[in-house]
Amino acid sequence: MFRPADEVPAGSVLRADICIAGGGAAGITLARELRGSGASVILLESGGFDPDPDDQALYTARSSGDRYDPLATRLRYLGGATNHWSGWCRPIDPLHFEPRGWIANSGWPISRSDLDPYYARAAKVCELPPSFGDSTAGDRGDNEGVDRWFQSLFEDDAITSTEYWFSPPTRFGSRYRDDLELSSETTAYLRANLVNVANSDGRVTQFEVATLDGNNFAVEAGAYVIALGGIENARMLLASRDSSPAGLGNDGGLVGRYFMDHFDQTMGTMLLTSPIDGAYQPGRLDQRRAAITLTPAAQREHEIGGIALVVESFPFWKPDEADYKTVRANDAADILRGLAGGTSVPYSLQVAPSRSRTRRAG
Ligand SMILES: Cc1cc2nc3c(=O)[nH]c(=O)nc-3n(C[C@H](O)[C@H](O)[C@H](O)COP(=O)(O)OP(=O)(O)OC[C@H]3O[C@@H](n4cnc5c(N)ncnc54)[C@H](O)[C@@H]3O)c2cc1C
């Protein structure tokens with residue numbers, strides 16, 4: 001069930017077996033998974049069912065160094081960033097869990113095989129097809145045409161193709177709201193802001209909660225989960241200094257050090273003498289989409305990271321228009337020069353996932 005946090009008696013201490021702070025993809029999924037476990041769950045979500053400027057303003061932050069907008073990228077209401085995520089999904093490559101000598105601090109304490117048992121469950125939550133991650137399964141649709149093109153173009157065995165799958169994209173707040181409402185184990189408090197992870201000798205003793213209207217209460221639980229999103233998890237730990245001035249769990253000084261985002265750019269335009277059969281149209285996301293990538297062996301040999309390029313039909317080019325002068329392409333001189341002979345077909349090379357295809361119908 002859902003409860004407004006302002007109705008909790010001020011100064012009270014609520015108790016549950018598990019307290020989850022944050023009702024985004026992680027928090028909602030965990031609360032759903034705990035249904036039927038017999039454990040009582042309190043979920044604390046800062047926002048409500050819908051966006052609200054006052055709640056969203058709590059995400060205001062100053063960003064230094066690389067350009068990043070901490071207000072526009074995050075959404076502070078039930079469902080979190082899934083309220084505007086694009087739905088691109090792909091299992092992580094095994095190589096990217098391994099220490100790679102040419103990438104500082106690389107290597108995870110887990111491997112891809114540790115995650116393998118969970119991908120099918122995660123796919124279901126994201127409403128992906130059961131074949132998620134299996135490039136050999138089922139009808140590959142347009143990918144067959146793109147694959148043929150990849151094979152004809154690249155004799156170099158450093159290059160191969162990979163695939164992306166697409167969630168509808170699932171908006172976790174609206175899609176799973178009823179599950180939380182009907183769950184007998186879960187009480188979800190809305191407009192409940194975790195403001196301090198109270199701790200003693202490095203052990204969490206309470207979640208301290210405040211509302212924008214001035215209510216304050218606490219939650220004590222057998223287990224505490226911080227699911228506030230990538231930036232906010234670190235920020236909350238760093239700000240929770242009851243037992244250490246460096247912040248909770250930050251004795252090594254590493255909390256928040258490894259935040260990263262993906263590139264989101266058009267890398268260039270490619271001019272081919274004949275069209276690619278089944279190339280993707282911008283703005284349309286299908287169930288699966290092929291991309292050019294480097295083999296693990298090539299990444300090791302050339303000491304570079306993983307990257308995938310999606311090849312798309314050029315946004316302004318229409319194959320049925322014989323007059324290539326209609327190609328506007330922001331008047332990019334090089335593209336027009338390439339088209340002058342009337343035999344070139346332009347494709348844009350996007351680092352995947354890319355911004356121009358953030359939505360598909362439905
Ligand atoms: C524009 C955009 C497009 C994206 N596209 C993709 C994509 O195509 N594929 C992909 O895999 N990923 C994509 N992502 C990333 C994806 O959305 C996130 O990785 C995912 O939502 C993270 O889930 P989360 O639960 O960790 O955090 P969030 O979804 O950010 O949820 C955090 C929740 O915690 C709440 N909260 C915050 N602070 C507090 C507090 N102090 N107390 C209580 N509650 C609090 C927030 O209101 C929010 O509901 C995209 C992200 C953006 C911004």
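This is a predicted model: local features need pLDDT of at least 70, side-chain atom pairs count only at pLDDT 80 or more; totals for chains, interfaces and linings use all residues.
In soluble globular proteins, nonpolar side chains tend to be buried together. In the present model, the largest nonpolar core comprises 42 residues, and those with the most contacts inside this core are Cys 19, Ala 21, Ile 42, Leu 44 and Phe 207. At least two core residues are supplied by each of the strands E2 (13–21), E3 (41–45), E6 (186–190), E7 (193–200), E8 (203–210) and E9 (216–226), and likewise by each of the helices H1 (25–33) and H7 (230–239). Strand E2 provides the largest share, with 6 residues.

When neighbours within four places in sequence are left aside, Ile 42 is in contact with Leu 14, Ala 16, Cys 19, Thr 187, Tyr 189, Val 219 and Ala 221. In helix H7, the buried residues are Glu 232, Ala 234, Met 236 and Leu 237; the buried residues of H7 pack against strands E7 and E9.

The sheet is open and consists of 7 strands in the order E1-E6-E3-E2-E9-E8-E7, with mixed pairing. Its edges are formed by E1 (2–4) and E7, each of which pairs on one side only. On average, neighbouring strands of the sheet are turned by 40° against each other, direction ignored. Strands E1 and E6 run parallel and are joined by 3 bridges, and Pro 4 stands opposite Leu 190 of E6.

Definitions and conventions
Residues are numbered from 1 along each chain as its sequence is written. A nonpolar core is a set of buried Ala, Val, Leu, Ile, Met, Phe, Trp, Tyr and Cys residues joined through C-beta atoms within 7 Å. A residue is buried if 20 or more other C-beta atoms lie within 10 Å of its own, exposed if 12 or fewer, and partly exposed in between; C-beta atoms are placed from the backbone. Helices (H or I, at least four residues) and strands (E, at least two) are DSSP runs, numbered from the N terminus. Two residues are in contact if their C-beta atoms, placed from the backbone, lie within 7 Å. Two strands pair if DSSP finds at least two bridges between them. Axes are lines fitted to C-alpha atoms, for helices over the stretch in contact, and angles run from 0 to 180 degrees between N-to-C directions.
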